[in-house]
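Here are my notes for you on this model, as numbered points. Keep the structure open while you read.

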Amino acid sequence: MWRKTKIAEILGISYPIIQAGMAGGPTTPQLVAAVSEAGGLGTLGAGYMTPEQIRSAVREIRKLTDRPFAVNLFVDEPPVVLEEQLAKANQQLDRFRKELGIELGTRPSKYAESYPDQLAAVIEEKVPVFSFTFGIPSQEQMKRLQENGIVTVGTATTVREAVQLEQVGVDLIVGQGSEAGGHRGTFLAPVEHSLVGTLALVPQIVDAVQIPVIAAGGIMDGRGVAAALALGAEGAQLGTAFLACPESGAHPAQKAALLNSTDESTVLTTAFSGRTARGIRNRMITEMESHRDTIAPYPVQNALTRDIRQAAARQNKTDYMSLWAGQASRLTTTKPAADLFADLVRETEEVLRKISQ
């Protein structure tokens with residue numbers, strides 16, 4: 001059966017379906033545990049968490065399930081912060097702050113959590129699966145992960161990235177197509193050169209590496225899971241599909257925006273974080289398009305816009321929120337995660353049965 005793929009075997013799960021590690025709050029311990037309990041792999045998006053928050057969330061997940069789960073982090077270098085960039089970015093962002101009635105000229109005390117410290121927490125907690133994006137862990141970090149029996153899953157947006165991930169010894173590769181919501185995982189080339197669609201990307205990665213591949217980007221239901229398997233992937237990763245579940249920590253306004261979205265709603269932007277990401281177009285994205293030269297690099301821009309996004313969330317103003325979503329967002333449902341997962345399994349089997357006749 002399709003569910004008995006190498007990925008299901010390596011991860012110790014019943015079905016090769018993975019809930020993506022979406023950072024910023026959507027992947028609550030309840031969502032992660034619900035997916036894992038249903039037979040898939042739930043993932044905690046911990047990119048913005050402190051080591052203490054990671055430990056706490058991991059322990060909460062373990063109270064809710066004894067099944068395998070993953071923690072996802074951003075592999076990134078400490079930012080170089082230039083005063084000129086800060087002043088330029090804040091000058092532009094202050095007009096949004098004025099409209100929201102919050103303090104102008106924000107200067108964060110820090111721009112990102114320490115990735116080495118976050119990873120140390122993951123290893124100390126002996127998390128079953130570690131997935132990552134934006135880069136590759138160091139040789140020493142990979143060795144520590146392997147010594148602790150932690151399965152590693154890297155993100156590639158091109159064949160070159162996939163080959164490099166295989167060379168450093170990762171266990172599994174997520175092929176992230178350009179349809180995917182949230183941040184692009186690109187790390188070897190400019191993003192504009194790495195916008196390969198899932199349909200084109202996955203079979204090319206499958207042919208180029210020997211380790212199992214997970215398809216991601218635009219997959220929302222069993223049709224997408226079956227398509228991923230047909231492309232040669234041995235599993236599928238879904239993010240947007242789980243955002244409107246009751247267990248998701250996504251803001252209610254974001255859930256509503258997803259349910260009202262169409263195939264034309266999303267766009268790639270650097271406005272919120274300084275790194276290219278796909279989300280539902282809103283006023284801030286549109287207005288920043290003519291001011292791209294004022295956008296600071298990631299993670300500086302992300303830190304500078306945090307107060308804007310948080311104030312917008314408090315005031316339910318989606319015009320200033322980062323409404324991350326993939327291109328198939330109009331297929332979003334509000335079903336509980338367990339019910340959604342059961343539908344994914346049933347639909348996948350129905351599609352595979354039809355095409356095998």
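**Notes on the fold**

1. Start with helix α5, which lies across β3 and β4 and runs at about 170 degrees to β3. Contact here means heavy atoms within 4.5 Å. Axes are lines fitted to C-alpha atoms, for helices over the stretch in contact, and angles run from 0 to 180 degrees between N-to-C directions. Helices (H or I, at least four residues) and strands (E, at least two) are DSSP runs, numbered from the N terminus.

2. A word on the source: this is a predicted model, where local features need pLDDT of at least 70, side-chain atom pairs count only at pLDDT 80 or more, and totals for chains, interfaces and linings use all residues. Residues are numbered from 1 along each chain as its sequence is written, and side-chain values use heavy atoms, with hydrogens and water left out.

3. β3 (residues 69-74) and β4 (residues 129-133) run parallel and are joined by five bridges; Asn72 sits opposite Ser131 of β4. Two strands pair if DSSP finds at least two bridges between them.

4. Both belong to an open sheet of eight strands with parallel pairing, in the order β1-β9-β8-β6-β5-β4-β3-β2. The edges are β1 (17-19) and β2 (42-45); each has a single partner strand, so one side of each is left without a neighbour in the sheet. On average, neighbouring strands of this sheet are turned by 25 degrees against each other, ignoring direction.

5. Further along, look at β6 (residues 172-176). Is this strand buried or exposed? Five of its five residues are buried, where buried means under 20% relative accessible area, exposed over 50% and partly exposed in between (1.4 Å probe, protein chains only). In a regular strand the side chains alternate between the two faces of the sheet. In β6, Leu172, Val174 and Gln176 are buried on one side, and Ile173 and Gly175 on the other. Strand β5 (residues 151-156) runs parallel to β6, with four bridges joining them, and Ala156 is opposite Gly175.

6. Helix α8 (residues 198-208) lies across β5, β6 and β8 (213-216), at about 175 degrees to β8.

7. Back to α5 (residues 115-124): it packs with α6 (residues 139-147) at about 15 degrees, the axes being 10 Å apart. Tyr115, Leu119, Ala120 and Ile123 of α5 meet Gln141, Arg144 and Leu145 of α6.

8. Compare α2 (residues 29-38) and α3 (residues 51-64), whose axes come within 9 Å and cross at roughly 40 degrees. These two are therefore oblique to each other. Pro29, Gln30, Val32, Ala33 and Glu37 of α2 make the contact with Ala57, Glu60, Ile61 and Leu64 of α3.

9. There is also an open sheet of three strands, β7-β11-β10, with antiparallel pairing. Its edge strands are β7 (182-183) and β10 (266-269), each pairing on one side only. Four bridges link β10 to β11 (residues 277-280), and Thr269 has Ala277 as its bridge partner.

10. Last, find Tyr320 in the loop between α13 (306-314) and α14 (337-356). Why does Tyr320 count as buried? Its relative accessibility is 4%. Beyond its neighbours within four places in sequence, Tyr320 touches residues including Phe96, Phe272 and Ile308.

How values were computed. Parallel < 35°, antiparallel > 145°, perpendicular 65-115°, else oblique.
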